[in-house]
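Please keep the sequence and the structure in view while reading.

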Amino acid sequence: MRRPGFHHRQPGKPGGGGAVKGTVGRLSIAVVVLVICTIAFLINFTSNDATGSVSRSQLNVEELWESANSGGWRPSSAPRSKWLPPSIGSNGYLRVRCNGGLNQQRTAICNAVLAARIMNATLVLPELDANSFWHDDSGFHGIYDVEHFIKALKYDVNIVDSIPEIKKNGKTKKIKAFQIRPPRDASVSWYTTEALKKMKEHGAIYLTPFSHRLAEEIDNPEYQRLRCRVNYHALRFKPQIMRLSQSIVDKLRTQGHFMSIHLRFEMDMLAFAGCFDIFTPAQQKILKKYREDNFAPKKLIYNERRAIGKCPLTPEEVGLILSALGFDNSTRIYLAAGELFGGEKFMKPFRSLFPHLENHNSVEQTEELAGNNQGLLGSAVDYMVCLLSDIFMPTYDGPSNFANNLLGHRLYYGFRTTLRPDRKGLAPIFIDRENGKTAGFEEAVKKVMLQTNFGGPHKRIPPESFYTNPWPECFCQMSPKNPADKCPPNNVLEILNDQLESQIEKEVRNDTESLNLIKSSVSAEER
């Protein structure tokens, strides 16, 4: 991608002079200039880091339609060190109930696979909670391609559809999973001690709820790469969802590029953020009631929240940012959003700036989507369209699982451009505009946006999530400075397959030897 990089100035040649005093003076000036240049270089360098992402002093909107600079990195989640296949004789069965919306469930599934690997357990196909969020009982089979999921992870964990019955003393018996409520962000050691102990005692454990129940930051790159294999390879939506999504993308592309925006201006997020004052008294009452019913009590002052960027961007503010960056009113925008709060009053200014607004129902008018507009199907289609769009812009990516997962997936998908507004940096600019100070507005917005990352590789700094930014664990380089970043061999799948076949042969041979030993013992007793 043609993105602006460093522009190095060549120092001018020093003038001549014979006097010592003049020479000292010139040397002093040179030292000062050198110090200033060094400081400037260091500032520039630290803003670049070692990833290949570059700072920008200008912005060409046409370049944003292309992928960001990869800095020589490519996505890779294949194992790079010895990775043994799963053993047929596991320590027991692991059941989990993934609560929340589609993308909260998605991260929980990734964590469940990793937890099963950590405990050498057989994973029972994860349950998707139908009650807590979507009121949608589609389940894993209704959303994901189960056959692909199991096949894609065959080198990592054993997966079954349900806990099988066992025969004991001539009777068929069901294994009852022991229920545990795991601690939030549980460590790997919790799984290898507390959870594993109960699994060995009961034969199976049932972890519920299972949202954010395994620590994200784990000092084991292979474990993190397994999460990426699950998230970006194994978790594939069912064929009809993929077809619907591709059909929408194809129709949007008939007129060229398009961007997608996750317009998080919905009742739950506004209530969570405590941003009420821009609404009518009746609407404020609704938001306050929702907050009381769903969130812990907390004193929230709108002006203070707004000033530090804690409020979701309004649709108008989103439009103003895009205009400042140079996008014109011919830009096609796909909106991924639930029911926007506040009605047309808030959408009208946005629509006046960007009239070509679409959503999955306006592009693809099918009974299937219309009947599941706010359910898992509608969310899955939105996810895929946003993943495949040329540009993606989240308007409130902090606590949004949808936006966070997409940011990580688009990074892995080829450093696809993202626009991530710095709400804290933009807040005073928008407040000044509301107070009548409009001079230099667009330049001020552009200046803030130029300091953000546009989708290239960048260091993960807390509280940024691993699922938002899986760099560097899930990326590699062909000619790296650090050997740990070297891409695995091209035949890595062959190696893993050979290891799996060897493991199966070994375990079958051991089972055969054990069976022969038992038979010989029985024969000896009979004699």
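With a relative accessibility of 4%, Thr468 counts as buried, because burial requires a value under 20%. The model in which this residue is examined is a predicted one. Thr468 is located in the loop between helix 19 and strand 15. When neighbours within four places in sequence are set aside, the contacts of Thr468 are Asn404, Leu407, Gly408 and Arg420.

Cys228 belongs to helix 7 (residues 221-234), while Cys474 belongs to the loop between helix 19 (441-449) and strand 15 (475-476), so the bond ties together parts that are 246 residues apart in sequence. The link of Cys228 and Cys474 is right-handed, with 90 degrees about the S-S bond. Cys228 and Cys474 are both buried.

How many disulfides are there by the distance rule? The count is three. Another of them joins Cys275 and Cys311, whose sulfur atoms are 2.0 Å apart. This pair links distant parts of the chain, 36 residues apart: Cys275 is in the loop between helix 9 (267-273) and helix 10 (281-294), and Cys311 is in the loop between helix 11 (302-307) and helix 12 (315-325). The link of Cys275 and Cys311 is left-handed, with -95 degrees about the S-S bond. Both of these cysteines, Cys275 and Cys311, are buried.

A further disulfide is formed by Cys476 and Cys487, again with sulfur atoms 2.0 Å apart. Cys476 lies in strand 15 and Cys487 in the loop between strand 15 and helix 20 (492-526), so this bond ties together parts that are 11 residues apart in sequence. Because the torsion about the S-S bond of Cys476 and Cys487 is about 85 degrees, the disulfide is right-handed. Cys476 and Cys487 are buried as well. When the bonded cysteines of the protein are numbered in sequence order, the pairing reads 1-4, 2-3, 5-6.

Cys98 counts as buried because its relative accessible area is 0%. Cys386 likewise has a relative accessible area of 0% and therefore counts as buried.

The largest nonpolar core has 76 residues, of which Leu94, Phe149 and Tyr191 touch the most other members. Helix 3 (residues 102-119) gives the most to this core, contributing 11 residues. Apart from this core lies another, of 33 residues, including Trp65, Leu320, Leu322 and Met449. Phe149, one of the residues that touch the most other members of the largest core, is in contact with Ile109, Val113, Leu125, Phe140, Ile159, Val230, Ala234 and Leu235, leaving aside its neighbours within four places in sequence.

Phe149 also belongs to an aromatic cluster, together with Phe140, Tyr144, Phe237, Tyr383 and Phe402. The count of aromatic pairs in the model comes to 20. In one of them, the rings of Tyr232 and Tyr412 have their centres 4.6 Å apart and their planes at 25 degrees, so the pair is stacked. Tyr232 lies in helix 7 and Tyr412 in helix 17 (residues 401-412), so the pair ties together parts that are 180 residues apart in sequence. Tyr232 and Tyr412 are both buried.

Phe272 and Phe295 form an edge-to-face aromatic pair, with 5.4 Å from centre to centre and 65 degrees between the planes. This pair links distant parts of the chain, with Phe272 in helix 9 and Phe295 in the loop between helix 10 and helix 11, 23 residues apart. Phe272 counts as partly exposed because its relative accessibility is 34%. Phe295, at 27% relative accessibility, also counts as partly exposed.

Arg95 is placed over the face of Tyr206, 3.8 Å from the ring centre. In the case of Arg433, the charged end sits over the ring of Phe441, at 5.5 Å from its centre.

Definitions and conventions: Residues numbered from 1 in each chain as written. Predicted model: local features only at pLDDT ≥ 70, side-chain atom pairs only at ≥ 80, totals over all residues. Heavy atoms only, no water. Core = buried A, V, L, I, M, F, W, Y, C linked by side-chain atoms within 4.5 Å. Buried < 20%, exposed > 50% of the residue type's maximum accessible area, 1.4 Å probe, protein only. Helix = DSSP H or I, 4+ residues; strand = E, 2+ residues; numbered from the N terminus. Contact = heavy atoms within 4.5 Å. Disulfide = S-S within 2.5 Å. Phe/Tyr/Trp six-rings, centres within 6.5 Å; stacked < 30°, edge-to-face > 60°. Lys NZ or Arg CZ within 6 Å of the ring centre and 35° of its normal.
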